[in-house]
Amino acid sequence: MLCDICKKNEATIHIKEIHNGQSHTSNLCESCAAEQEKNGKLGALGFNLAEMLHNLGKISADAAHTPDSEERNESVLTCPGCGWTLSKIKHSGGRLGCPECYHTFEKIIRDALSGVQRGTVHFGKRPPSASGNSRAALEAELKERQHELEALVKREEYEQAAACRDRILQLKEELAALDGGKNE
Amino acid sequence: MSESIERLLKNPVSFLTDAGPDEDIAISSRIRLARNLAGKPFPVAADLDLRREICDEVAKAAAQSGALGCPECFQFDPEEMDAIDREILFERRLASRDFLARAGGTRLLVRDDESSSVMINEEDHLRIQTLRPGFQLDTVWKIIDRLDSELAKQLDFAFDDRLGFLTSCPTNVGTGMRASVMLHLPGLVLTGQIGPTIQGVNKLNLAVRGIYGEGTDNRGSLYQVSNQSTLGESEEQIIDRLNSVISQLIAHEKEARRTLLERDQYGLLDYVGRSYGILRHSYKLSSEEAIKSLSGLRVGVDMGLFNSVGIRKVNELFIAIGAAHLQKSAGRELSPAERDICRAALCREKLKHS
């Protein structure tokens with residue numbers, strides 16, 4: 001097996017990292033591993049756009065040979081918002097063409113994000129225009145957060161689980177406030 | 001446009017010259033937020049006309065909301081500026097190289113004290129930034145949160161209930177926030193602890209980047225620590241995590257300096273003295289040597305070895321020795337060799353009475 005970085009030397013060092021429950025293996029030759037370690041990058045491997053692009057490339061290549069219609073469609077999908085295809089995203093260094101791309105390439109982006117981000121659902125600030133304040137959106141998010149909390153506890157990621165629990169409490173309060181408003 | 005640059009150059013660089021918490025080790029704290037307009041292609045997929053429209057829309061929103069003190073804020077159109085003026089914006093940390101290299105349809109809005117700015121049509125439609133001195137991410141968050149809310153009243157930002165703020169690169173999706181603190185860590189570098197420290201911080205899912213080079217080869221011992229992940233935690237949680245790691249880094253750096261002083265006092269004094277000597281007596285000074293020497297001088301200033309040189313004078317020199325700033329103060333384009341001569345003259349002059 002060749003080194004992931006120089007693609008020339010035989011890989012003799014194999015590093016397995018588990019991030020958000022997803023495992024990632026890096027195969028490096030001795031000199032590239034030493035270089036990475038010297039620069040303090042070893043711990044950050046597998047945490048970059050390159051991996052995401054690798055995933056995009058893999059999905060796109062697999063799709064060309066797969067009889068599965070859903071996956072094959074992913075490789076030829078065109079975003080209705082900007083006309084971008086998967087190959088265009090790859091050539092732009094993993095940049096998307098427009099907000100709509102997040103829906104068009106949802107499955108691929110979700111897979112790629114799990115290797116890059118600490119969570120899968122947004123916490124934090126929302127713009128005033130966000131529709132998330134409606135009852136249906138709050139209930140949908142509550143359901144999703146409850147599933148996420150179970151998964152986080154199972155993976156023993158307690159710091160993230162605590163944040164998730166806080167958001168669940170907040171959502172319940174917001175729903176209760178909506179009910180209160182209705183009763184008045 | 002040129003008038004604006006001249007006016008900007010009269011400003012003291014506030015993130016370096018104002019007092020800030022833990023300023024002996026933490027140089028500055030910065031937060032940037034990536035935002036995009038709903039229903040519009042990201043800058044990478046937008047044509048020139050659309051990018052120009054977006055510039056006008058964002059500038060109008062800033063003027064109407066009074067964000068950044070607009071319409072009285074600085075407004076720069078990089079397309080109309082010469083290379084040196086553009087480089088000034090980079091050296092003052094107001095714009096990225098990527099932004100300045102873009103072909104048209106970009107604009108930069110800057111608050112008159114340079115504490116906050118908005119790059120329009122960098123990788124995202126808006127890159128909002130707040131930059132303050134020292135270690136104070138909580139305060140920086142309060143400032144930028146307010147600024148973002150002011151703009152959000154006028155602009156409809158692309159947002160998804162599940163994924164948060166939608167950004168051109170999915171590595172920024174969610175909060176769209178990158179928070180960072182620039183640290184001066186010569187103690188950890190000189191005691192050989194910097195490599196393991198960087199590895200430790202990386203394992204906590206935070207990034208450490210050398211400002212003038214990576215890892216142990218870093219000139220100037222300046223490092224930027226920032227969050228990697230933008231999705232799955234709130235802005236406050238990300239900042240809390242950074243705060244706790246950076247507080248520990250500051251404590252480690254202080255400990256390393258104490259160790260150096262105890263084990264090799266003359267070695268440390270020699271390092272500071274030689275750095276000062278180079279800055280005070282050179283007639284040709286490359287950017288690399290100047291940065292290295294300023295880093296050494298900064299250690300001496302922190303140790304109280306210099307009466308008339310303050311930490312902020314040293315900070316200011318880090319900007320003033322930049323190629324574009326030197327050429328601006330000379331009033332003409334300088335060759336690299338001429339720059340080295342001007343750089344040495346500037347340092348001699350600034351440290352004359354020390």
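How many residues of chain B are in contact with chain A, and how many of chain A with chain B? In this predicted model, 53 residues of chain B are in contact with 44 residues of chain A, where contact means heavy atoms within 4.5 Å. Local features need pLDDT of at least 70 and side-chain atom pairs count only at pLDDT 80 or more, whereas totals for chains, interfaces and linings use all residues; side-chain values use heavy atoms, with hydrogens and water left out. Residues are numbered from 1 along each chain as its sequence is written, and chains are lettered from A and ligands numbered from 1 in the order in which they are written.

**Interface of chains A and B**

About 4,000 Å² is buried between chain B and chain A, 57% of it on carbon and sulfur atoms; buried area is the accessible area (1.4 Å probe) that two parts lose on being put together, summed over both. In chain B, the greatest losses of area to chain A fall on Asp161(B), Arg162(B) and Pro170(B), together 18% of what that side buries.

There are 6 salt bridges between chain B and chain A, a salt bridge being a side-chain nitrogen of Lys or Arg within 4 Å of a carboxyl oxygen of Asp or Glu. A salt bridge joins the side chains of Asp145(B) and Lys125(A), at 2.5 Å from N to O.

The largest share, 5 residues, comes from α6(B).

**Strands of chain B**

Strand β3 (residues 107-110) of chain B is covered on both faces: Arg107(B) and Leu109(B) on one side and Leu108(B) and Val110(B) on the other are all buried, that is, under 20% relative accessible area with a 1.4 Å probe and protein chains only, exposed being over 50% and partly exposed in between. Its pairings are tabulated below; two strands pair if DSSP finds at least two bridges between them.

| Strands | Sense | Bridges |
|---|---|---|
| β2(B) and β3(B) | antiparallel | 3 bridges |
| β3(B) and β4(B) | antiparallel | 4 bridges |

Gln75(B) stands opposite Leu109(B), and Leu108(B) has Met119(B) in β4(B) as its bridge partner. The hairpin of β3(B) and β4(B) has 5 residues between the strands, and Glu114(B) there takes a positive phi near 65°.

**Selected loop residues**

Most residues other than glycine have a negative phi. Leu68(B), in the loop between α3 (48-65) and β2 of chain B, has a positive phi near 65° and is buried at 1% relative accessible area. Glu156(A), in the loop between α7 (135-154) and α8 (158-183) of chain A, has a positive phi near 60° but is exposed at 57% relative accessibility.

Thr167(B) lies in the loop between β7 and β8 (177-184) of chain B and is buried, with a relative accessible area of 0%. A polar atom of its side chain lies 3.1 Å from the backbone nitrogen of Val173(B). Not counting residues up to four places away in sequence, Thr167(B) touches residues of both chains, among them Leu96(A), Tyr102(A), Phe42(B) and Asp124(B).

Definitions and conventions: Helix = DSSP H or I, 4+ residues; strand = E, 2+ residues; numbered from the N terminus. Polar contact = N/O pair within 3.5 Å; in protein donor to acceptor, adjacent residues only side chain to side chain.
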